[in-house]
Amino acid sequence: MNSPSGFRGGDRGGRGGFDRGRGRGFGAPREQGGVFLENQPATVDARVADDSDKALVARLRNTQLGNDPDSMPLRPDFGTVGVPIKLRTNFFPVRVPKGPLYEYDVAITPAAGTANRRVKRRIFQLAEQTTAWQHSGMRGTVAHDSSAKLISARVLAQPLTIKVPYYDDDQAGPPEKGGKEYTLTIKFIQEINTQDLMSYLNGDNQYRNYNTLPVISALNLILAAHPLRSGIKVGQDRYFFRSAVVPTNLGGGLEAWKGFYSSVRPAHHQLMVNVNVCTTAFYTTGNLAVQMMTFNDSSFGARMEAFCRGVRVKATHLGYRKTVKCLARQNARQYTFPCDELGERVSVEKYFLRKYKITLKYPDLPLVDVGGQKKNYLPAEVCEILPDQPFRGKLTDEHTANMITVACQPPNVNGNAIVNNGLKELGFLNPGPTLSSFGVSIGPDMAVVPGRILPRPGLKYANNVSPVVDDKASWNLRSIRFALGARLEKWAVLLIGDHGRDEFQGPQDPALRTVISGFMAMCRNSGIAVSNEQPPVVAATLPKQDKSDPLRKSAIATIRESLIQLRPKPSLVLVMLSNGDKNIYEGLKHLCDVYLDVATVCVHVGKIRKEKGQPQYFANVALKVNMKMGGVNHKLDENTGRWLSSEPTMVVGMDVTHPGPGSARGTPSIAAVVASVDNHFAQYPASLEIQESRKEMITNLKEMMVARLQLFKQRSKVLPKRVLVYRDGVSEGQFNIVRVEELPEIVKAFHTFDQPKKPYRPQLTIVICGKRHHTRFYPTERKDAANDGNPKPGTVVDRGVTAVYDFDFFLQAHGGLQGTTKPTHYYVVHDEIGFRSDSLQGLTNALSYMFARATKAVSLVSPAYYADVACERGRCYLRKLLQGQIGDGTTASGSASTNEQDVMREAQALWRSGVSKNLKDTMFYL
């Protein structure tokens with residue numbers, strides 16, 4: 001998760017059943033949901049209402065363009081199934097300048113000291129104030145990224161250099177003598193023709209493979225000119241403004257700021273800018289020592305180091321500003337240095353007392369290093385955190401929960417924030433000099449596009465029973481039996497004792513027997529074959545939490561001792577967790593999946609023994625037990641599943657998860673490939689691998705696909721004739737790389753099944769699923785909206801804000817839980833099966849109802865969701881590295897001192913040979 005804005009939707013990522021201790025009482029109360037701009041008339045954009053997009057698709061279909069193997073598949077048609085509706089969407093029309101635009105490269109000399117973004121920004125800020133900048137005609141007529149790229153509305157004289165006497169923003173001016181001077185050399189790179197973009201937007205045949213990136217990047221720079229000056233840019237395309245909303249306290253030394261995302265996108269006959277709300281964590285100003293301690297106390301496992309790294313401070317005793325490099329290993333009492341001035345070796349504490357008459361209040365706090373090449377240790381308490389600084393470290397679970405509370409607002413609130421605040425803060429409403437000089441303007445109204453609400457797929461449990469699906473796309477398990485019940489034999493129960501208040505007294509506690517019997521009865525009623533005898537119960541009493549063992553290794557060792565007493569080895573262990581400590585959950589999964597080779601299902605003891613809602617809780621646990629033991633919870637009915645079962649088809653999900661902030665440098669990424677094994681499309685066993693850190697493409701894809709095809713063949717007695725891949729975890733710029741790199745690997749996997757004179761080559765289609773985008777839809781009429789104003793489940797959009805040439809669509813299959821629901825973007829990058837829009841959209845919607853862990857439609861098509869969950873399981877095995885620990889001690893995460901090869905070696909040792917043999921072909925990860 002790159003940033004707090006990357007929150008997954010409510011039904012993704014999080015494991016069911018753990019109370020994250022949400023600190024309510026943070027953030028403004030959530031406002032009332034409702035339809036955005038309900039009483040204002042909405043007319044579909046003329047560019048779509050005139051059906052010119054349909055004419056375009058028909059025209060392209062009649063050319064030979066569709067047969068080009070080097071391009072993405074063309075859109076075959078637009079979908080027609082479902083109830084037609086009108087939706088507003090957070091896209092605003094952009095007037096493209098006549099152009100051309102002129103691109104320049106900016107070099108800064110001397111380069112020393114300019115690697116820092118802040119210094120570069122300051123150099124450009126000072127450069128803009130010089131007379132040379134004005135004389136060269138750049139005032140108000142150029143846009144730049146304060147780094148290396150500059151776009152100008154007119155030709156600049158060459159050669160062009162600008163001398164900048166440097167001084168920091170807390171100094172009055174350049175020093176009399178001995179100050180730094182930088183030189184900017186501005187060199188012409190290329191002319192960017194905007195008319196080519198117009199031809200692309202109009203869908204001209206020969207512009208099919210036109211690279212829009214240079215002109216789009218140039219326009220993004222132009223649109224960013226205002227917010228870069230008035231706001232604070234965080235990451236890609238996100239701007240935060242002090243003036244926008246008063247920040248919300250998150251506790252632990254941090255606060256949440258609201259900001260806006262802005263990015264230019266091509267659409268049919270119109271260039272658009274996509275504007276959305278976003279939230280991120282900033283440092284609360286104040287004394288560094290106080291804030292460090294607040295952060296440290298906010299959560300078990302919060303590290304002061306993570307809080308301090310990279311924060312800008314003002315030293316109160318001397319008034320200078322510095323950046324904290326890292327935390328020292330010693331405090332003000334321990335660290336001593338020879339001081340000529342005082343004529344002896346003194347501790348930092350003594351030095352401050354004698355030289356500055358400052359008595360330190362927190363001499364036991366680690367010192368902070370604010371030095372450059374040389375170390376410069378200061379007590380944190382003489383440092384004040386400077387304002388307006390985004391926090392780039394890893395948020396604690398508590399922060400994350402509070403952050404979600406703040407960020408989570410209904411569609412009408414977010415919609416209003418975008419059209420009122422957003423356009424104003426981004427400088428789009430009344431364009432400033434830069435936009436005017438380029439001749440760019442932005443329309444004030446959201447685009448209105450046609451959408452449809454797809455019919456719900458039919459589902460089947462045992463005895464042909466169909467559940468009643470409500471308008472939130474969910475159903476319940478009352479008096480329903482699983483389509484195929486598994487056998488639950490030789491199972492056992494593990495009680496975790498971790499000083500919690502809801503725990504059972506021990507294996508003999510009669511209350512425990514009651515719960516176990518109740519659970520067994522629920523399993524039986526659901527169609528799982530459970531033997532009558534009570535399972536053996538073992539207990540593990542864990543050693544107390546201890547800051548010196550943040551991963552709780554000693555607790556996991558205790559659990560291991562308890563589990564190995566179970567003879568014969570159980571087929572499944574039901575684990576009763578005492579609390580939501582992630583270290584116990586993750587350590588237990590690592591132990592059981594990789595070392596002990598035993599399936600586990602975890603429950604929260606406080607929830608499973610609570611009588612209110614107990615049947616529902618039992619049923620949810622039974623869902624997992626049935627799948628892990630190889631059963632089938634529910635199927636698609638004949639009608640919905642007809643296409644899938646018409647010939648042998650394997651549905652595949654793929655995902656790659658990368659290490660987050662706070663992990664050891666070089667921690668590998670994790671790749672998962674899951675695939676169906678038969679015509680129920682319910683069981684999706686997984687292949688899991690670690691690979692090179694932060695690599696988006698799957699390295700060992702051929703082997704992983706071979707394993708999936710082998711299992712399919714073993715279970716179905718045939719190889720599939722069609723393979724449909726849903727690929728998650730690919731960023732926008734990488735779509736083509738999937739075709740160039742992953743597609744050939746999949747084909748190689750097919751060829752390993754070739755027989756003499758009988759090559760094996762099933763039809764292959766690859767669809768990329770994207771959740772990390774900023775497209776949102778707002779129903780225009782109450783009848784088309786859910787109660788909170790979000791779109792209804794099954795809302796699909798393939799016109800108006802989709803690709804000009806390619807085959808893509810947005811689908812929101814799920815009913816929103818809270819906030820503004822996010823549709824998933826599906827993009828076809830390869831298609832041999834030859835889907836029409838209706839069939840692929842309908843199938844994707846149906847497969848969103850097949851996530852076995854829930855009785856509702858989910859926000860991401862199930863195979864991709866399973867791959868996502870499998871990757872999360874893989875993270876449990878590398879938890880040590882993901883928390884920044886290496887070897888025996890802890891080393892600062894991300895510090896250059898750790899060798900990336902060592903980290904990879906350690907990862908391989910933790911991973912061992914992956915998931916052990918008995919679990920490998922099951923849905924152990926669910």
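**Strands, cores and a few residues**

Modeller: Tyr 826 in β39 is the bridge partner of Cys 769. Before going on: this is a predicted model, where local features need pLDDT of at least 70 and side-chain atom pairs count only at pLDDT 80 or more, while totals for chains, interfaces and linings use all residues. Residues are numbered from 1 along each chain as its sequence is written, and side-chain values use heavy atoms, with hydrogens and water left out.

Biologist: In which sense do β35 and β39 pair?

Modeller: Antiparallel, over six bridges, with β39 covering residues 824-831. Two strands pair if DSSP finds at least two bridges between them. Strands (E, at least two residues) and helices (H or I, at least four) are DSSP runs, numbered from the N terminus.

Biologist: And β34 with β35, parallel or antiparallel?

Modeller: Parallel, again over six bridges, with β34 at residues 722-727. Arg 727 has Ile 768 in β35 as its bridge partner. Together with helix α20 (residues 735-751), β34 and β35 make a right-handed β-α-β unit. Right-handed means that, with the strands pointing away from the viewer, the path from the first strand over the helix to the second runs clockwise.

Biologist: How many residues of β35 are buried?

Modeller: Six of the eight in β35 (residues 763-770), so the strand is largely enclosed by the rest of the structure. Buried means under 20% relative accessible area, exposed over 50%, and partly exposed in between, with a 1.4 Å probe and protein chains only.

Biologist: What joins β14 to β15?

Modeller: Three bridges, between residues 312-315 and residues 321-323. Val 313 stands opposite Lys 322 there. The two strands form a hairpin with five residues between them, and Gly 319 in the turn has a positive phi of about 85°.

Biologist: How many residues are in the largest nonpolar core?

Modeller: It has 127 residues, with Trp 491, Leu 494, Ile 559, Met 576, Tyr 726 and Tyr 925 making the most contacts inside it. Helix α22 (residues 862-877) gives the most to that core, nine residues. Apart from it lies another core of 46 residues, including Tyr 200 and Leu 435. A nonpolar core here is a set of buried Ala, Val, Leu, Ile, Met, Phe, Trp, Tyr and Cys residues joined through side-chain atoms within 4.5 Å.

Biologist: What does its side chain reach?

Modeller: The Asn 90 side chain reaches the backbone oxygen of Val 275 at 3.0 Å, and a polar atom of that side chain lies 2.8 Å from the backbone oxygen of His 774.

Biologist: Last one. Where is Ser 687?

Modeller: In strand β33 (residues 686-691). Ser 687 counts as buried, at 10% relative accessibility. Its side chain makes a polar contact of 3.0 Å with that of Arg 708. A polar contact is a pair of N or O atoms within 3.5 Å; within protein, one must be able to donate a hydrogen and the other to accept it, and residues adjacent in sequence count only if both atoms are side-chain atoms.
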